[in-house]
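Here's a quick briefing to keep beside your viewer. Have the sequence and the model open, and we'll go through them topic by topic.

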2 protein chains.
Amino acid sequence: MEQILPHLDSVFSIDCVLFGFDGKELKILLIERNEEPFKDWWALPGNIVGADESLDQSAARILYELTGLRGIYMEQYYAFGDPGRHPQGRVITLAYYALIRLGGDKDLRPVSTYAKQANWLPITSLPKLAFDHQKIYDKGLEKIKRRIKHQPIAFELLPEKFTLTQLQHVYELVLGKKLDKRNFRKKIVSFGVLKELDEKQKGVSYRAATLYKFDKRKYAKLFGKEISF
Amino acid sequence: MEQILPHLDSVFSIDCVLFGFDGKELKILLIERNEEPFKDWWALPGNIVGADESLDQSAARILYELTGLRGIYMEQYYAFGDPGRHPQGRVITLAYYALIRLGGDKDLRPVSTYAKQANWLPITSLPKLAFDHQKIYDKGLEKIKRRIKHQPIAFELLPEKFTLTQLQHVYELVLGKKLDKRNFRKKIVSFGVLKELDEKQKGVSYRAATLYKFDKRKYAKLFGKEISF
DNA sequence: TTACTTAGTGTAGAAAATACACACTATATT
DNA sequence: AATATAGTGTGTATTTTCTACACTAAGTAA
């Protein structure tokens, strides 16, 4: 019901779990707070939703301010609003995750005002997080696991051209388990959204792998179909 | 980021898509508004989140006030917050769906203050809805479709004891398609969460079907496993 | 007793999932 | 030039799951 519009003392924010892949590890972007509460703790980046912003815009803005990146794949996944989750009052927060390819140079321009530093930390060794951010992160990882099994979002973590081994590696890191190489290739190729290029990997000291691209057109046609790993 | 706690002119509400099954049709509970905006329109039931309530509690309260029911399966599924979604100001709303068995007697005690009436309407012929509630409903149905394919939530819509035909019927209504009887039975039984009772349906004018119960223990053990229809 | 209505059951063929091992190729090293 | 190294790339047989499909059994009503 929405006909009553009182002035309430609650705050609505967005927090983001920004997943990044640098070719080796899966990481998330954390900031080290320089204000109370939780001064000197690591926290997920977040902010208050602006008055004229949609929720998605707000999430995109947070990401942009922190990294300078735009057009990144982001997805809203859950709202956290326990009365006790923020020591200084009622803050309801909406969580987004994003998938980002790291390892150009542009991936992170460190951030202003409310943080000492911002850093990509591997998900295999995360510090204690401020507020209920551990819970928010856990749920984000769970959601992304489920999503990657059914839709080809793994591409968002890779450069435009990638090898099948790199793609498999992303799946393994997100799902947290090893996959069989031959079966993986069979399945991902049969899904029909990969375009094999006439181009090979460079700068490796072993047999160079064929590069592939993700074919967005073909994917759009398939919409609704699902893979599963 | 959450160290700033300004007093913002935005309102945070919860709206609920309450799915009910009466043995025949899948319905949702709508209320007819008696105040502007959207006076005389049908809308999803909802309310402002109370200061000391968790989000889940708030959703449960809305449901309780409307129907007198407690302990109902509810799930948060998406936040809607476009700046223009409410004509009188910024209202961010969090959507929940619930699954309810209808057809005892207790299912609905109609509601007070802000509504002329509340009614269970079949999803096959819904009226135009107030605000962006059509969008909220659509997304809710989509979520529930996906969920029912993977987890046995269909039980929540049925009485404690039910026949396999009833169960199949629920699946067909939610998924919006016919299922093969033999294949359905094979799969649902092999999932291993049904308990066959020594009891038959009563009061039918044809061969009585065997009754089943949902075995929550077995389900807990299987957690993580998935069916798919 | 008969007619009616729904319950309940099996199988064969197709498709998908899994398990599994070796030869190829590019580079680096001696 | 020969060799070591490290990752690429490929096929098949087996098992499991999915799909399509039709009749008999049981109970009730007339």
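In which loop of chain A does Phe131(A) lie? Phe131(A) sits between strand E7 (115-122) and H2 of chain A, and its phi is near 50°, a positive value in a residue other than glycine.

Bear in mind that this is a predicted model, where local features need pLDDT of at least 70, side-chain atom pairs count only at pLDDT 80 or more, and totals for chains, interfaces and linings use all residues. Residues are numbered from 1 along each chain as its sequence is written, chains are lettered from A and ligands numbered from 1 in the order in which they are written, and side-chain values use heavy atoms, with hydrogens and water left out.

**Chain A at a glance**

- Chain A has five helices and nine strands; helices (H or I, at least four residues) and strands (E, at least two) are DSSP runs, numbered from the N terminus.
- Going along the sequence, the pattern of chain A reads β-β-β-β-α-β-β-β-α-α-α-β-β-α.
- Along the principal axes, the C-alpha atoms of chain A fill a box of roughly 60 × 40 × 30 Å.

**How the two copies relate**

- Chain B superposes on chain A by a rotation of 179° with 0.0 Å of shift along its axis (RMSD 0.1 Å). That is the relation of a two-fold axis.

**Cis prolines**

- In chain A, the peptide bond from Glu36(A) to Pro37(A) is cis, with omega near -10°. You'll find Pro37(A) in the loop between strand E2 (26-33) and strand E3 (42-43) of chain A.
- In chain B, the bond from Glu36(B) to Pro37(B) is cis too, with omega near -5°. Pro37(B) is in the loop between strand E2 (26-33) and strand E3 (42-43) of chain B.

**H2 against H3 in chain A**

- H2(A) and helix H3 (residues 164-175) of chain A pack at an angle of about 145°, with their axes 9 Å apart. Axes are lines fitted to C-alpha atoms, for helices over the stretch in contact, and angles run from 0 to 180 degrees between N-to-C directions.
- On the H2(A) side, the contact uses Ile144(A), Lys145(A), Ile148(A) and Lys149(A), and H3(A) brings Val170(A), Tyr171(A), Val174(A) and Leu175(A). Contact here means heavy atoms within 4.5 Å.
- By class, this contact has six nonpolar, no polar and two charged residues. Ala, Val, Leu, Ile, Met, Phe, Trp, Tyr, Cys and Pro count as nonpolar, Asp, Glu, Lys and Arg as charged, and the others, Gly among them, as polar.

**Pockets and cavities**

- On a 1 Å grid over the protein atoms alone, a cavity is a set of points where a 1.4 Å probe fits but cannot get out, and a pocket is an open set with protein on both sides within 12 Å along at least five of seven lines; lining residues have an atom within 4 Å of a point. Grid points are joined across faces, edges and corners, and a volume is the space filled by probe spheres set on the points.
- The largest pocket holds about 1400 Å³ of space. Its lining has 39 residues, and the closest to its centre are Lys143(A), Arg146(A), Lys143(B), Arg146(B) and Arg147(B).
- Strand E5 (73-80) and helix H2 (133-150) of chain A, along with strand E5 (73-80) and helix H2 (133-150) of chain B, each give that lining at least two residues. The lining splits into ten nonpolar, eight polar and 21 charged residues.
- The second largest pocket has about 290 Å³ of space. It is lined by 14 residues, with Thr163(B), Thr165(B), Arg185(B), Ala209(B) and Thr210(B) closest to its centre.
- H3(B) supplies the largest share of the lining of the second largest pocket, three residues.
- Two cavities of 30 Å³ or more turn up in a search of the whole structure. The second largest cavity has a volume of about 30 Å³, and its lining includes Ile144(A), Ile148(A) and Val174(A).

How values were computed
Least-squares fit on C-alpha atoms with pLDDT ≥ 70 in both.
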